[in-house]
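I opened this notebook page to record what I looked up in one model, entry by entry.

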Amino acid sequence: MSQKFLPGISAPVRHFAIQLSATRRGARLARLLAERQLDEWGEAYEAARQVVAELASNAVLHGRVPGRDFRLTLRLYADRTLRIEVTDARGDRIPRLQGPAAQDAEGGRGLLIVAAYAHRWGVVETAAHGKTVWAELHPDQGSLNGSHGLGCTP
């Protein structure tokens with residue numbers, strides 16, 4: 001009997017997931033819980049705080065459906081790659097990188113921040129017409145990275 005090995009597929013070493021209300025308070029709680037969880041795991045990902053804040057905020061502002069929550073998931077792999085996922089109920093609103101926002105604009109920079117911090121990021125459809133926006137961070141990414149991995153496969 002032979003075992004098949006699929007290169008590049010690995011199970012996370014650590015996993016955290018929580019359902020939160022699609023409110024400003026829920027978005028703020030997502031950031032705080034992510035910070036606490038990473039601290040418990042002994043991981044210092046400065047960029048993760050910014051990425052979680054942006055993705056959770058986008059889920060609340062653009063992915064909210066009354067009565068539906070959003071989900072935050074953190075996965076830490078053996079090579080210390082951190083995958084952040086935020087799932088919301090609005091699969092019809094796919095995020096896209098836009099050009100630079102006007103200096104006085106109140107929004108429009110969130111995904112630029114995610115793209116700057118993440119090694120790669122993307123969007124996948126989920127059940128019940130939702131979507132998951134994900135970003136992967138490497139342990140050596142303490143600051144802005146400059147890579148823009150839109151559309152990478154999960």
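The entries below go through helix packing, then the loops, then the aromatic rings.

**Basis.** I am working from a predicted model, in which local features need pLDDT of at least 70 and side-chain atom pairs count only at pLDDT 80 or more, while totals for chains, interfaces and linings use all residues. Residues are numbered from 1 along each chain as its sequence is written, and side-chain values use heavy atoms, with hydrogens and water left out.

**Helices α1 and α2.** I took helices (H or I, at least four residues) and strands (E, at least two) as DSSP runs numbered from the N terminus. Helix α1 (residues 24–40) packs on α2 at an angle of about 155°, the axes being 9 Å apart; axes here are lines fitted to C-alpha atoms, for helices over the stretch in contact, and angles run from 0 to 180 degrees between N-to-C directions. The two helices, α1 and α2, are therefore roughly antiparallel, a label given to angles over 145 degrees. I noted their crossing as right-handed, meaning that the near helix is turned clockwise from the far one by less than a right angle. With contact taken as heavy atoms within 4.5 Å, the α1 side includes Ala 27, Arg 31 and Leu 38, and the α2 side includes Arg 49, Val 52 and Val 60. The residues of this contact divide into 9 nonpolar, 1 polar and 4 charged, where Ala, Val, Leu, Ile, Met, Phe, Trp, Tyr, Cys and Pro count as nonpolar, Asp, Glu, Lys and Arg as charged, and the others, Gly among them, as polar.

**Helices α2 and α3.** I found that the axes of α2 (residues 46–62) and α3 come within 9 Å and cross at roughly 150°, and the crossing is left-handed. Among the residues that meet are Val 51 and Leu 55 in α2, and Ile 113 and Tyr 117 in α3. By class, the contact of α2 with α3 has 7 nonpolar, 3 polar and 1 charged residues.

**Loops.** Gly 91 is in the loop between β3 (82–88) and α3 (110–117), and, leaving aside neighbours within four places in sequence, Gly 91 contacts His 129, Gly 130 and Lys 131. His 129 itself lies in the loop between β4 and β5 and has a positive phi near 65°. Ala 128, in the loop between β4 (120–126) and β5 (130–137), has a positive phi near 60°.

**Rings.** Arg 83 lies over the face of Trp 134, at 4.3 Å from the ring centre; the criterion is CZ of Arg, or NZ of Lys, within 6 Å of the ring centre and within 35 degrees of the ring normal.

Notes: Angles under 35 degrees count as roughly parallel, over 145 as roughly antiparallel, 65 to 115 as roughly perpendicular and the rest as oblique.
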